[in-house]
Amino acid sequence: MPTETKSYHYHRPGLHGDLVLGISGLCAGLVFTFAALETRFLFFLFLVVTTLALYFSANSLRRYWIEIQTDDKGIKLLSRGSEKCLIKWSEVKSIKLRFFGSKSQREKGKGTLSLTMTDQNKAKIAFESGLVDFDELARLCFEQTQDSSVEMDAVSVGNFEAVGVRL
C-alpha cells in the first residue's frame, strides 16, 4: 500500500517527437489543401488529412499536461495542475486493461496498453502505456482493487499477466 503520493507523467521526449510530427503533418496538410482548392476531391482528401494531423497534435498536447497521482486513498487525474477526477480505491467498480496494436506488435512487445478504471458513480480515469512506469502503476491499480469486488473481464486478466501481475 502506498504511503506517499506518487506521480506519473507521459514520456516527455516522446511527446516532443509526436508534437513535431503532428505540427509537420498539419503544415503539410494545409499547404496541400490550399493547393488543391480547385479540385473538390483532392481538397476534401487533404482537408481530412489536415484534420487528422490537428487531432493528433491536440491529443499529444493534452497528454503533455496529464498527471496521474496515487496514494493510499485512491487515484487522481490532473490536467494542467487541476484535479479532473478522483477515484477512491474502495469505490472502484470496474477495471479494464486493453491492448491496441497488431498481433506482430504484441509478439514484439510493442503496441499500446490502455487502463480504464470506473467507480460506482461512473467517474472514469483512463491512461495509456506511454506513462513512465506504466507497468508499476498498472500493478498498483490491480493490487489496490483486489480486496473489493471489482469487475474485470478475461481479456484484462490476460493483459495484467502480460505486465507482470501474478494472479
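Select Ile75 and show its surroundings: leaving aside neighbours within four places in sequence, Ile75 is in contact (heavy atoms within 4.5 Å) with Ile68, Gln69, Thr70, Cys85, Leu86, Ile87, Trp89, Met117, Ile125, Phe127, Leu137 and Cys141. This is a predicted model, in which local features need pLDDT of at least 70 and side-chain atom pairs count only at pLDDT 80 or more, while totals for chains, interfaces and linings use all residues. Residues are numbered from 1 along each chain as its sequence is written, and side-chain values use heavy atoms, with hydrogens and water left out.

Next, select Ile68, Ile75, Leu115, Phe127, Leu137, Cys141 and Phe160, which touch the most other members of the 30-residue largest nonpolar core, a core being a set of buried Ala, Val, Leu, Ile, Met, Phe, Trp, Tyr and Cys residues joined through side-chain atoms within 4.5 Å; buried means under 20% relative accessible area with a 1.4 Å probe, protein chains only. Among the elements that each supply at least two residues of this core are strand 2, strand 3 (74–79) and helix 4 (134–145), where helices (H or I, at least four residues) and strands (E, at least two) are DSSP runs numbered from the N terminus. Helix 4 gives the largest share, six residues.

Now move to Glu67, which lies in strand 2 (residues 66–70). Not counting residues up to four places away in sequence, Glu67 touches Ser7, Tyr8, His9, Lys76, Leu77 and Leu78.

Finally, select helix 1 (residues 12–35), whose buried residues are Leu15, Leu19, Gly22, Leu26, Gly29 and Thr33, and then helix 2 (40–65), which is included in what covers them.

Methods. Buried < 20%, exposed > 50% of the residue type's maximum accessible area, 1.4 Å probe, protein only.
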